[in-house]
Amino acid sequence: MSQVAFIGLGVMGYPMAGHLQANGHDVCVYNRTTAKAQAWSEQHGGRWAETPAKAAEGAELVMVCVGNDDDLRSVVLGPDGVLAGMAPGAILVDHTTASADVARELAEAAAAQGKGFLDAPVSGGQAGAENGVLTVMLGGDEAQFAQAKPVIDSYARSAVLMGPVGSGQLCKMVNQICIAGVVQGLAEGLHFAQQAGLDGERVVDVISKGAAQSWQMENRSGTMLQDQFEFGFAVDWMRKDLDIALTEARRNGAQLPLTALVDQFYAEVQRLGGGRWDTSSLMTRLKR
């Protein structure tokens, strides 16, 4: 059993923190909306704190899962941030999908105080968080990874150290680049099937047994065919992630023409009012 703090109780963090408590760890949570932290405590039996720093006091590991680089800085740095409450030797594990730059920045700030840092973005979505089967890609020190992994395993089916600090975030960028292309291809394929007068469900049943099969096809084709998008990973968040990837690509020289195009398609979905729709809503712009 470890003493753990969890900062950020959104659709991902809330169940992730719950798995930690269910696996016997002593968990203290913080959320910007206090009522959410109180509700989590009542449901799972853990503790809650009024500031990130207070939540981090005495914790061996501090997990963070917030929205973006600025949100991350706001809960990590400053007199009420987790670094102010963490003891030397404790490790900060950041599950936010953020830039590699902010990962290196926070790792440096943590190291200056004798504290550890791992960037650890996740893949698997809300369902993966709720079922405790997330994929976690990490960057950082091997010894710190070895210490954190048994705790991370509470909500992960796979946790892999990809390299030094920042490598986890770079790997997550690859993940989002690949998803963007797959979802666009699936949307176009299903749209073509409908325009051709085919039974979309029968088409999926056949081609999902071959080389076209993907997680997106298995988990999203049915709702795409039914025009259901009020769930899942929001277009607003995907655009945030793709912006991070495209910015990094401009720096390292990678060519991402398809990613840039799909990002603009998502901008169209936002203009249609679909900022909170699932990423599979790329289908909607083809049907206009």
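## Cysteines

A disulfide is a pair of cysteine sulfur atoms within 2.5 Å. By this rule the count here comes to 0 disulfides.

Cys-65 is buried at 13%, whereas Cys-178 is partly exposed at 46%.

## About the model

This is a predicted model, in which local features need pLDDT of at least 70 and side-chain atom pairs count only at pLDDT 80 or more, while totals for chains, interfaces and linings use all residues. Residues are numbered from 1 along each chain as its sequence is written, and side-chain values use heavy atoms, with hydrogens and water left out.

## Two helices that cross

Now to the helices, which are DSSP runs (H or I, at least four residues) numbered from the N terminus. Helix H9 (residues 167–195) packs against helix H12 (residues 235–252) at an angle of about 115°, and their axes are 9 Å apart. The axes are lines fitted to C-alpha atoms over the stretch in contact, and the angle, on a scale from 0 to 180 degrees, is taken between N-to-C directions.

Which residues make the contact (heavy atoms within 4.5 Å)? From H9 come Leu-170, Met-173, Gln-176, Ile-177, Ile-179 and Ala-180, and from H12 come Met-238, Asp-241, Leu-242, Ile-244, Ala-245 and Glu-248. They divide into 9 nonpolar, 1 polar and 2 charged, where Ala, Val, Leu, Ile, Met, Phe, Trp, Tyr, Cys and Pro count as nonpolar, Asp, Glu, Lys and Arg as charged, and the others, Gly among them, as polar.

## An aromatic pair

Rings of Phe, Tyr and Trp (its six-membered ring) pair if their centres lie within 6.5 Å; planes under 30 degrees apart are stacked, over 60 edge-to-face, and the rest tilted. The count comes to 1 aromatic pair. The ring centres of Phe-229 and Trp-277 are 6.4 Å apart and their planes are at 35°, so the pair is tilted.

Phe-229 lies in the loop between helix H11 (215–225) and H12, and Trp-277 in the loop between helix H13 (257–271) and helix H14 (282–286), so the pair ties together parts 48 residues apart in sequence. Phe-229 is buried at 5% relative accessible area, and Trp-277 also counts as buried, at 19%.

Notes. Contact = heavy atoms within 4.5 Å. Buried < 20%, exposed > 50% of the residue type's maximum accessible area, 1.4 Å probe, protein only.
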